[in-house]
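Here is a short briefing for a first look at this structure. Keep the view open while you read the points below.

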Amino acid sequence: MKNFTTIRKLFFFTIVLVLSLELSAQQRMQQGGMNPSQFQPIGKISGTVIDAQTSEPIEYANIVIYKWKDSTVANGTVTDQKGKFELSKVMYGRYFMKVSYIGYSTKRFDSLTVIPNKTEITYGLIKLRPKNVNMNEVVVQSQRDALTSNLDKKVYTVDKLMANSGGTAVDVMQNIPSVSVDADGGVAVRGNTNINVLVDGRPAALAGFSGSDVLSQIPASQIESIEIVTNPSAKYDPEGTAGIINVILKKNSNLGVNGTLMGNAGTKGRYNSSVNLNLRGDNFNVFSSYDGRFFNMSGGGTTLRNSSFPSQNGNINSTLDQNSDNQNRMNNHSLNIGADYYLADKEFVTLSAQFRFGDMNNGSTIGNINYTDPNNIQSQFNRVSDGVRNNSSGNYTLSYKKTYENKNQELTGDVMYSQSSMNSDSKISQLYFIPNQTSTLQRSLSDNANKLWLIQANYVQPLGDWGRLESGLRSQIKDLTMFNDYLNWDYSNQMWGAGNLINNNYNYKEQVHALYGIFSNSLGSFTTQIGLRAEQVFVKGMSYVTNQTYESNYFDIYPTVHLRYDFNGLDEIQLSYSRRIDRPQNRQLNPYEDRSDSLNVFKGNPDLRPQYHNALELGYTKTLGKTSLVTNLFYRLSTNLISTISTLMPNGVTYSTFQNISKGKSYGVEFVANSPITDWMRLNGNISYYNNSVDDLGTLGGETGSYSWSARLSSTMTISDGFIFQMMFFYSSPSIMLNTGGRGGGDMGGGMFFGGSAAQTKMKEMYSMDVMVRKDFMDGRLAFTLRISDLFNSRKFNTETTGLNYYMINTRKFDSRIVNLGISYRLVDTKGKMMDQEKQRRIEEGYDEL
């Protein structure tokens, strides 16, 4: 309560400070003879675009100017019949301009500056060369900038990344700064896996799947960009302490019939194919895509655990030696279909559906040896499992969008229904060697289903010189059913029968209803955004095994503040604050006692309460010529943290549950650099350092901490026209990390405590390198790609864990060095003229709202 009071005081102090700064700025403007109208756009840029060979004017060429600091679109138009263009009402500042047309090489103009004594810029004749002309020199094709920084998010354009060749969204994440991927494919932002995964701004819900599971289901070839929102505004769902990963899928909207066909084949039995098509008419756009993935995967590892327990005759020492081998085969299909219908020039509706279905056959063998010394083996057995998991999901969305004459005025609405299911059937046998006893055979059945309704609306109203006001509402209704059954094989009667295992039948219902408002204002170089979100939550859980019902209803508010100051259009500083929540998940609340693993017994706690987090970030962007440097400092204070309480018994069995007993904090710094070294080579790099600590307030083991740093370097080189080489190197330092126990383990929860003390894990260093070459033919329509992931086969996960009564060493390795060959072909309809409606859409596309 004390922490919340402090944060509340800080929040109101910040609001007063912001208002004082704005009032002071207005007074200075009035005293200096200035008024807000002086910041109105008054610049003008003009020119004529012609064919470099024929000198004929090019009609409908695209002219777009971008802000130099963050590459967001500032203005745009198309040329007329004489090839002429004029951009008016251009704000003071520094820009760069791109001139492009289908079949011609794009031209880029840097250092475009509009200042009071230079408001009109004329380029004269701009000559575009056809791409099929052999100039006997390297032609560098312009691409969208890889990183765009907005007020509350960073947007990474990934449609040209090497991971798109046969990969998934998880592979793409390995190329995103501040994002890391562990041995199980778990995705973390700044070391925290508690992330909220969205697809096109909507929840990506699958029954029984985590956010990382969802990302592994999305083909990389369908991804346009990735948005990383580490400190979201009040518009976003406050769930997820690490923030939001929003995956933006491709949706072609070019005129006529267009599309892309792709096929990939990789070593060790990995194949996938995809098709993207669209048909664009006068007032409609129909789009669809299909992706099929057929993968074989293998991995393995070792565990060596030494434990010691006191007894009347002194300590009893024992060792557990485990070896594991895993073989999986995955078949997944993804189908998207939808249509846009334009009711008017600035008003349209979209109806879309996404279907995903597939299966995974998994088999594993774990060899277990328990001994007090190598000559005194107490037990030896193999645990062999063989099963299949089926999953299917369908998302149905109806969207509406209307824009007005003022491009900042907008009304949007969405209604989405999602249903998904996952069922599995596994047979697990335990084959005993020492002592010589009858083997056991167990069957594990599960059937999970999830239904989700989402209704949301958002309206943006410009307020003239005062700024703009954005408001919205959102209701999300979730219904999750979990059913697990465990059967023992009766050797006497040769049939499956109920054993002494506890079955699970649990239903979880959650309703979240929210209202929010955001006020934004720009005054000269100073931009402010202040938001407030209010949420009412209703939660109900029902255990049909114990015949008990658990309910939790609560109301919370979530303030957000985003401030930005722009230095001469080149450099900027940002400060942001948000309050967030991490609600207990159904797995944590379910009171069912899971004994499916004989060495690890797990039970949920229906009395858990939400975790709360207050996050503060400070960022600075520096532009040096064509080089951009970004520095971010972040701090997060967490209360009511959920901790995993585990006890290792003398018989080697671990019992685990959850409790709210901790508080925590995390802080760190990250540096991101982006620079073109030459006309044919660009480098991107980042370094991140972060520290997490948890304090159980004296209940168990006191305070424990973790730290880590990582570095990533990527390079793109244009060897010749249409011939590109990419390289990505990743390094993660040796680190100390917490065994956290939130959503499946691995997020910033309250730590894992063994019998009264916190377990601490040391992660050894890890590094890897991926390389790719790509060659384009037929004016870029046909492309061949060769990608090698983990070139040195060095992506290994080795850890050492120390806890009360035990010390453990783990090694993990999975298929990571894969050679993949891909081919893609683009279908482009270049016939006909561009319609006025399409011209306007292209001009307005990409505008940053603030």
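Buried residues make up 50% of the 850 residues in the protein chain. The model is predicted. The chain holds five helices and 46 strands.

**Overall picture**
- Take the contacts between residues at least 6 apart in sequence: 67% of them join residues at least 24 apart.
- The accessible surface of the protein chain comes to about 38400 Å². Carbon and sulfur atoms account for 55% of that surface.

**Nonpolar cores**
- The largest nonpolar core has 24 residues. Met 173, Ile 223, Ile 226 and Ile 245 touch the most other members.
- Several elements each supply at least two residues of this core: helix 2 (169-173), strand 10 (179-181), strand 11 (187-189), strand 12 (196-199), strand 14 (223-229) and strand 15 (244-249).
- Helix 2 gives the largest share of this core, four residues.
- Ile 226 has contacts well beyond its sequence neighbours, with residues up to four places away not counted. Its partners include Lys 154, Val 155, Tyr 156, Val 158 and Val 172. Met 173, Ile 176, Ile 245, Asn 246 and Val 247 also touch Ile 226.

- Strand 16 (residues 256-266) and strand 17 run antiparallel, joined by eleven bridges. Thr 260 has Asn 276 of strand 17 as its bridge partner.
- These two strands form a hairpin with three residues between them. In the turn, Lys 268 has a positive phi of about 65°.
- Strand 17 also pairs with strand 18 (residues 284-309), antiparallel and over eleven bridges. A hairpin of three residues joins strand 17 to strand 18. Tyr 271 stands opposite Phe 294 in strand 18.
- Side chains alternate along strand 17 (residues 270-280). On one face, Arg 270, Asn 272, Ser 274, Asn 276, Asn 278 and Arg 280 are buried.

- Pro 310 is found in the loop between strand 18 and strand 19 (316-344). Pro 310 counts as exposed because its relative accessible area is 66%, over the 50% cut-off.
- Pro 310 and Pro 650 are 340 residues apart along the chain. Their C-alpha atoms are separated by 9.2 Å.
- Thr 319 lies in strand 19. Thr 319 counts as buried because its relative accessibility is 10%, under the 20% cut-off.
- The side chains of Thr 319 and Asn 306 are joined by a polar contact of 2.8 Å.
- Leaving out residues up to four places away in sequence, Thr 319 touches Leu 304, Arg 305, Asn 306, Ile 369, Asn 370 and Tyr 371.

**Aromatic pairs**
- The whole structure contains 14 aromatic pairs.
- One of them is the tilted pair of Tyr 342 and Phe 348, at 5.2 Å centre to centre with 40° between the planes. Tyr 342 is buried, at 11% relative accessibility.
- Phe 777 and Phe 784 form an edge-to-face pair, at 5.9 Å centre to centre with 80° between the planes. Phe 777 is partly exposed at 37% relative accessibility. Phe 784 is also partly exposed, with a relative accessible area of 36%.
- Ring pairs link Phe 355, Tyr 396, Tyr 417 and Trp 453 into a cluster.

Key: Residues are numbered from 1 along each chain as its sequence is written. This is a predicted model: local features need pLDDT of at least 70, side-chain atom pairs count only at pLDDT 80 or more; totals for chains, interfaces and linings use all residues. Side-chain values use heavy atoms; hydrogens and water are left out. A nonpolar core is a set of buried Ala, Val, Leu, Ile, Met, Phe, Trp, Tyr and Cys residues joined through side-chain atoms within 4.5 Å. Buried means under 20% relative accessible area, exposed over 50%, partly exposed in between (1.4 Å probe, protein chains only). Contact means heavy atoms within 4.5 Å. Two strands pair if DSSP finds at least two bridges between them. Accessible areas come from the Shrake-Rupley method with a 1.4 Å probe; for residues, only the protein chains shown count as cover. A polar contact is a pair of N or O atoms within 3.5 Å; within protein, one must be able to donate a hydrogen and the other to accept it, and residues adjacent in sequence count only if both atoms are side-chain atoms. Rings of Phe, Tyr and Trp (its six-membered ring) pair if their centres lie within 6.5 Å; planes under 30 degrees apart count as stacked, over 60 as edge-to-face and the rest as tilted.
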